[in-house]
Amino acid sequence: MSELLCGTYYPSIDAKGRMSFPNKLREKLGAELYLCIGHDDHYIAVYSAEEFEEYQKKLFTIAGSKGAAIRRKLLSGADKQVPDKQGRIFITQLLRDHAFITDEVVVVGSANRAEIWSKTRWDEFNDGVSMDEINEALSELVL
């Protein structure tokens, strides 16, 4: 995947866990999507086949029993999805539970992956990051 993923989308999800995955992100990720537990918060990470392979390689650099436990935890919920003709994918109950998804979802592009969040959790995340914090963090960068 050469083009970075960005943008925020508000697709619907039904009671069975099916949702329309944004076309703009689907075009960049490719025909196969790999969904797995987001490791730094409660969201679902969505990778292209290429990026998922890179992600797994990085996980295998964590040595010992701790590395094995981390791989088991993160990859046990991984799921390969091929969107149907309407662009819908299925999100397993395990992944929905991890991300606290019950009804409304938000899909965001996040550089090399997409992320699926519960709308409530996404709003909480955004409320926790102020423009002052962003400006302070970016003040030393030349943009």
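Begin by selecting Asp41 and Arg121, whose side chains meet in a salt bridge at 3.5 Å, N to O (a side-chain nitrogen of Lys or Arg within 4 Å of a carboxyl oxygen of Asp or Glu). The pair links distant parts of the chain, 80 residues apart, with Asp41 in the loop between strand 3 (33–37) and strand 4 (44–48) and Arg121 in helix 5; helices (H or I, at least four residues) and strands (E, at least two) are DSSP runs, numbered from the N terminus. The structure holds 9 salt bridges.

This is a predicted model, in which local features need pLDDT of at least 70 and side-chain atom pairs count only at pLDDT 80 or more, while totals for chains, interfaces and linings use all residues. Residues are numbered from 1 along each chain as its sequence is written, and side-chain values use heavy atoms, with hydrogens and water left out.

Next, select helix 2 (residues 49–59) together with helix 3 (residues 64–76), which pack at an angle of about 155° with their axes 10 Å apart (axes are lines fitted to C-alpha atoms over the stretch in contact, and angles run from 0 to 180 degrees between N-to-C directions). Helix 2 is therefore roughly antiparallel to helix 3, a term for angles over 145 degrees. Show the side chains of Phe52, Tyr55, Gln56 and Leu59 on helix 2 and of Ile70, Arg71, Leu74 and Leu75 on helix 3, which make the contact (heavy atoms within 4.5 Å).

Finally, move to Cys6, which lies in the segment before strand 1 (8–9). Cys6 touches Leu25 and Gly109, leaving aside residues up to four places away in sequence.

Technical notes: Angles under 35 degrees count as roughly parallel, over 145 as roughly antiparallel, 65 to 115 as roughly perpendicular and the rest as oblique.
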